[in-house]
Amino acid sequence: MTCSGAAAVGMLRYEREKLPIIVGGTNYYIEALLWEVLTGTRESKGDGRSSPERRAKLENLGGAELHRRLSEVDPDRAAVLHPHDVRKLARSLQVHQETGVPHSRLLEEQRGQEGGGELGGPLRFPHTCVFWLHANMEDLDGRLDRRVDAMLSAGLIQELQEFHRRYNEQKVQESRQDYQHGIFQSIGFKEFHEYLTADTEVSEEKRAELLNTGVERLKIATRQYARKQNKWVRNRFLKRSGANVLPVFGLDVTDVSDWEKTVLTPALEVLASLQKGETPSLEPIRMGGEEQKNKCIRHECELCDKLIIGELEWTEHLKSKNHRYHLRKKRKSEFATEQHKASTCDLPPRTECAL
C-alpha cells in the first residue's frame, strides 16, 4: 500500500488461472500496467548508447537547449511542454532519436486506438478493477508522522550518514550533487542535506537544529506525496471517460482496528462477484466532471512573468497566492496612478513670473 493507500488489483486471466495483484508502488507503473502507454521505443537508430545513457546526456543540455532542439524535430510536442520540464523534453527527444518518429505522433496513435482517450491508450486487459484505500487526511497525516518517527527509531539517520559518506560526500565537495535523478531524489535523503553536509566545527546545538529541520521536512514531504497520490487517483483513474474505463472501489482505512470487516471482506466480495460476472454490492466510486481536455494549452501570465502549460494548471495559477499578490500590487499601482492624475487636475493653473 502506498502513502495514499492506492492499490490496483488486476483480474487477469492466464493459462495458470492465477489472479495477479499489483499493490503500491509508483502510480506511473500501475498505470503503465493497466493501460496501453508508450513505455518503450523501437530498435535504436543511434550510436549504440543505452537509453539511460542517452537520456542523461540529453538532460545535461538544459531545458532551453532541449526545447530548441525539440521544436526543430517535433514542434507539436514542444508546444505543449514547458521549457523547464527537462525530463519530458529529454524523453521526447530520446524517442525521436531512437525511432525517427516524432513523439507527438506516437502519442496520437496511442490515444487513437479503440478504447483510448486523452490520458492514453486502451486498457491492456478486459477484466480489471482498482481498490483505492483512502483515509481521512488528518488521521493519515498523524499516521505518516508516526511512521517517520518509527523510521528514525529504527536507525534512519545512521543509514543516511553511511549512504552520504559512501555515495554523495565527494559529489557535494565537487558541487556536482544531483537530487533530481536516481536514488538521490527519493524522499528521506535530500531533506537532510544541510545536516549531512554540516561542517565539523558546527556546534552541537546547531547540529541538533539542522537535524530537527530535516525531520520536519521529511514529514512535510511525506504528507505532500500522499496528497499527490490521492490527486493522481482522482485525475487519472476517476476522471477517465470513454470506453474501457475500469471500476474504482473505495475502501476507507481511517480506522484499521477492524481491518477484516471494513477492508478485507468487502474487497473479497467484490472480487468474487466480478469473477462470477455479477454486479458487486459495493458501488464503484463515480466522480462528476469530464475527462481532462485541452490540458496542454499554453498561457503566459505577464503579471508573474511565467509560462503556464495546461488549463488545469492555469486555473490553479490564477488562484495561487503569488498571482493574487501581483494582482493586488498592480491594482494598487493603478489606483495610485489614478489618484495622482486626479490630484494634478485639481491644481490651479501655474502662473509665469515676469522678470
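**Exercise 1.** Find where Glu162 and Arg166 lie, and decide whether each is buried or exposed, or in between.

*Solution.* Start with helix 8 (residues 156–173): Glu162 and Arg166 are four residues apart there, so about one helical turn separates them. Helices here are DSSP runs of H or I with at least four residues, numbered from the N terminus. Next, Glu162 has 33% relative accessibility and counts as partly exposed, while Arg166, at 53%, counts as exposed. The cut-offs are under 20% for buried, over 50% for exposed and partly exposed in between, with a 1.4 Å probe and protein chains only. Finally, the two form a salt bridge, with the closest N and O atoms 4.0 Å apart (a side-chain nitrogen of Lys or Arg within 4 Å of a carboxyl oxygen of Asp or Glu).

A word on the source: this is a predicted model, where local features need pLDDT of at least 70 and side-chain atom pairs pLDDT 80 or more, while totals for chains, interfaces and linings use all residues. Residues are numbered from 1 along each chain as its sequence is written, and side-chain values use heavy atoms, leaving out hydrogens and water.

**Exercise 2.** Which residue forms a salt bridge with Glu98, and which parts of the chain does the pair link?

*Solution.* The partner is Arg54, with 2.7 Å between the closest N and O atoms. The pair links distant parts of the chain, since Glu98 is in helix 5 and Arg54 in helix 2 (residues 51–59), 44 residues apart.

Methods: Helices (H or I, at least four residues) and strands (E, at least two) are DSSP runs, numbered from the N terminus.
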